[in-house]
Amino acid sequence: MKTFTIETINQAIGGTLTGNPAILITGVEQVLAATEHQLTFIGQKKYIKSWYESSASAAIVKDSLDIEPGQERALVRVADADLALAQVLKMFEPEPPACEAGIHSTAVVDPTAKIGAAAAIGAGCYIGPGVVIGTGTRLYPNVTVLDDTRIGSETVIWPGTVIRERCTIGNHCIIHPNVTIGADGFGYRPSSDGRGLVKIPQIGTVEIGNGVEIGAGSCVDRGKFSATSIGDGTKIDNLVQIAHNCRLGRSCVMAGQSGLAGSVTLGDGVIMGGGARVNDHVTVGAGVRIGGNAGVVSDVPPGKTLLGLPADNHRQTLRLWAAQKQLPELIKNMTKKKR
């Protein structure tokens, strides 16, 4: 078990410590679930009361909050409690599951594949012809990488992931379990005789930049032509759909169950809430924020915040929602007047 004094933690995150500096911390927990020798965090005023009800020995707190440590406890005051907590969680992070460098005896690796130094190919993996895997990259068991795909250095790919042919993945990426990269885009047209559907060949690829993270069960479809591309530093949650020929800029964020239809463009730093979606061939400007379950149906200028379906300026949508709540009473009053 990893153990640190609260003073050591304070020094690591550059905070201001009040209270007993010698308290030993063995882990991190939510404020009301924390027990003795555990650290919690308080980033908002509404949780101050919970601190006085908590059994935690210490807390990371936003420095603007009016809160005291209490007897034999400690507080570490910081400008941003969430970012400080991320540093602390890194200190307590356990070692990842074993994935030793080298090629497991049950893996199938084509003779033409090139495997970088210190790379790890786990049990049951399949590495196809012409694949290139960079230095220090780890493939956990049962990963499939098909022909002529290139994967950079120090990337981690978790079990069950399938990366189809001719895709490119950058350095320092994390691909979580059961992700599919390079599946066919969804393209069909009615047949000339009107009796069926004609599948449109999807001959493009997928290009994923450096430092990208893709959550479990997500899918990034290949382009119909050219490439579906994901910019450096973009973070994609679980169960996200990215359709063919989409282009995502740098440091975009897509929360769980959000989705992009074909040929969507996201500018740098776009944030999409859970369940949000964007219609095909729509361009969303840099820095746009899209609320959960919103549906974007037309181009969006940079810097906007959108809510609702169809998505609109968040202030306008909030006014609309407020007005809708008044409708039952208005209808009731109008009915009375008619009588």
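Student: Which residues in α3 do Ile 9, Ala 12 and Ile 13 of α1 meet?

Tutor: Keep in mind that we're looking at a predicted model. From the α1 side, the contact is made by Ile 9, Ala 12 and Ile 13. Across from them, the partners in α3 are Ala 84, Gln 87, Val 88, Met 91 and Phe 92.

Student: How are α1 and α3 oriented to each other: oblique or roughly parallel?

Tutor: Two packed helices are described by the angle and the distance between their axes. Here the axes of α1 (residues 6–13) and α3 (residues 81–92) come within 10 Å and cross at roughly 125 degrees. Roughly perpendicular stops at 115 degrees and roughly antiparallel starts over 145. The angle sits between those limits, so α1 and α3 are oblique to each other.

Student: Is that crossing left-handed or right-handed?

Tutor: This one is quick to state: where α1 passes α3, the crossing is right-handed.

Student: Let's move on to Ser 57. Is Ser 57 buried or exposed?

Tutor: First, find Ser 57 in the loop between α2 (48–53) and β6 (58–62). Its relative accessible area is 7%. Buried means under 20%, so Ser 57 is buried.

Student: What about Pro 21: buried, partly exposed or exposed?

Tutor: Pro 21 is in the loop between β2 (16–19) and β3 (24–25), and it touches Thr 5, Ile 6 and Glu 7. Its relative accessibility is 40%. The middle class runs between 20% and 50%, so Pro 21 counts as partly exposed.

Student: How far apart in space are Pro 21 and Gly 182?

Tutor: Along the sequence, 161 residues separate Pro 21 and Gly 182. In space, C-alpha to C-alpha, the distance between Pro 21 and Gly 182 is 52 Å.

Student: Last one: is Thr 205 buried or exposed?

Tutor: Thr 205 belongs to strand β24 (residues 205–208), and its contacts include Arg 166, Arg 222 and Ser 226. Its relative accessible area is 15%. With the limit at 20%, that makes Thr 205 buried.

Conventions. Residues numbered from 1 in each chain as written. Predicted model: local features only at pLDDT ≥ 70, side-chain atom pairs only at ≥ 80, totals over all residues. Heavy atoms only, no water. Helix = DSSP H or I, 4+ residues; strand = E, 2+ residues; numbered from the N terminus. Buried < 20%, exposed > 50% of the residue type's maximum accessible area, 1.4 Å probe, protein only. Axes fitted to C-alpha atoms, helices over the stretch in contact; angles between N-to-C directions. Parallel < 35°, antiparallel > 145°, perpendicular 65-115°, else oblique. Left-handed = near helix turned anticlockwise from the far one by under 90°. Contact = heavy atoms within 4.5 Å. Lists of a residue's contacts leave out its neighbours within four places in sequence.
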